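Here is a short briefing to read alongside the model.

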Amino acid sequence: MNIAGIIQARTGSTRLPGKVVKKIGNKTVLEILLCRVKNLKFFNKLIVATTTKREDDIIETISLQNAVQIFRGSEENVLDRYYQAAKEYNADIIVRITADNPLVSLDLIAFQVDHLIKHDCDYVSSKGIIIGTGSEVFNFRSLKRSWELGKEKYHIEHVTPYIYENEESFKVKYVSPIKALEREDIRLTIDTKEDFRLYLKLNEAFGDLSYTDIIEIIDYLDEHPDIKEINQNVKQKNYRDC
């Protein structure tokens with residue numbers, strides 16, 4: 001069984017251009033994420049899926065420097081980018097990670113993969129957790145059906161909506177194994193200047209975030225509400241709003 005971690009990354013961004021190549025301390029956002037997810041030893045392949053645009057050559061350079069595979073495809077059709085990357089690397093199970101979530105929970109990924117395999121699910125994810133710590137796990141068969149049948153713009157941009165909007169056709173499961181992540185008052189994705197400023201504060205407190213435990217970060221933010229509030233007013237976009 002071939003388990004592939006596919007990380008979508010590009011420099012284009014409406015709210016914070018170039019966010020994944022911005023530096024937090026001595027590392028870019030992408031490098032912090034790659035350092036973290038490489039600790040998951042069950043991946044047969046770890047792939048960064050970026051676009052064919054020249055601006056994203058830097059994404060390829062960073063990925064190869066970190067001994068991570070690269071795939072380049074459509075900028076706008078992210079679903080096609082995932083499907084073609086998974087097909088090229090013969091993935092049976094795909095873990096979808098986004099590069100603007102450098103503090104994605106490794107323990108959560110491991111649980112989701114294990115649950116999908118043990119319960120023969122098509123799709124496993126989590127709800128109600130800290131934005132920026134989550135991931136999605138699905139099999140290639142479901143990705144292919146989504147690629148064939150998902151025609152809405154948000155299906156194409158967000159990869160998996162066709163799957164979880166059609167639970168009568170797919171075995172979908174949501175799991176919540178880590179209670180500490182079930183928070184609505186903390187935001188750990190990087191999509192705005194405020195999000196990035198919070199990460200700079202975390203770097204001041206912890207140093208290299210590649211090696212910082214997510215629970216320590218949660219505890220720190222609870223102890224420093226002034227820092228936690230930096231990005232509290234950022235509104236998370238609905239996945240249907242493309």
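Helix α4 covers residues 106–118, and its 13 residues reach 18 Å from the first C-alpha to the last, close to the 18 Å expected at 1.5 Å a residue. Please keep in mind that this is a predicted model. The buried residues of α4 are L106, L108, I109, Q112, V113, H115 and L116.

**Around helix α4**
- The buried residues of α4 pack against several strands, namely β1 (3–8), β6 (93–98), β7, β8 (136–139) and β9, and also against helix α1 (29–37).
- After α4 comes D120, which has a positive phi near 50°.

**Two loop residues with positive phi**
- D120 belongs to the loop between α4 and β7, and its positive phi occurs in a residue other than glycine.
- With a relative accessible area of 57%, D120 is exposed.
- A67 is not a glycine either, yet its phi is positive, at about 60°.
- The loop that holds A67 runs between α2 (57–65) and β5 (69–73).
- A67 has 70% relative accessibility and therefore counts as exposed, the cut-off being over 50%.

**Aromatic rings**
- There are 7 aromatic pairs in the structure.
- One of them joins Y123 and Y174: the ring centres are 6.3 Å apart and the planes stand at 75°, so this pair is edge-to-face.
- Because Y123 is in strand β7 (residues 123–125) and Y174 is in strand β9 (residues 172–174), the pair ties together parts that lie 51 residues apart in sequence.
- Elsewhere, Y83, F140 and W147 are linked into a cluster by ring pairs.

**Charges over rings**
- Y174 also has a charged neighbour: the charged end of K127 sits over the Y174 ring, 4.3 Å from its centre.
- K22 lies over the face of F196, with a distance of 5.8 Å to the ring centre.

**The surroundings of H155**
- H155 is part of helix α6 (residues 153–158).
- At 6% relative accessibility, H155 is buried, since the cut-off is under 20%.
- A polar atom of the H155 side chain lies 3.4 Å from the backbone nitrogen of K151.
- Leaving aside residues up to four places away in sequence, H155 touches L79, G150, P161, Y162 and E165.

**The fold as a whole**
- The protein has 10 helices and 9 strands.
- Its radius of gyration is 17 Å, close to the 18 Å from the globule rule for 242 residues, so the protein is as compact as a globular protein of that length.
- Along the principal axes, the C-alpha atoms fill a box of roughly 45 × 40 × 35 Å.
- Of the 242 residues in the protein, 54% are buried.
- Taking contacts between residues at least 6 apart in sequence, 70% join residues at least 24 apart.

Notes:
Residues numbered from 1 in each chain as written. Predicted model: local features only at pLDDT ≥ 70, side-chain atom pairs only at ≥ 80, totals over all residues. Heavy atoms only, no water. Phe/Tyr/Trp six-rings, centres within 6.5 Å; stacked < 30°, edge-to-face > 60°. Helix = DSSP H or I, 4+ residues; strand = E, 2+ residues; numbered from the N terminus. Lys NZ or Arg CZ within 6 Å of the ring centre and 35° of its normal. Buried < 20%, exposed > 50% of the residue type's maximum accessible area, 1.4 Å probe, protein only. Polar contact = N/O pair within 3.5 Å; in protein donor to acceptor, adjacent residues only side chain to side chain. Contact = heavy atoms within 4.5 Å. Expected span 1.5 Å × (residues − 1). Rg over C-alpha atoms; globule rule 2.2 N^0.38 Å.
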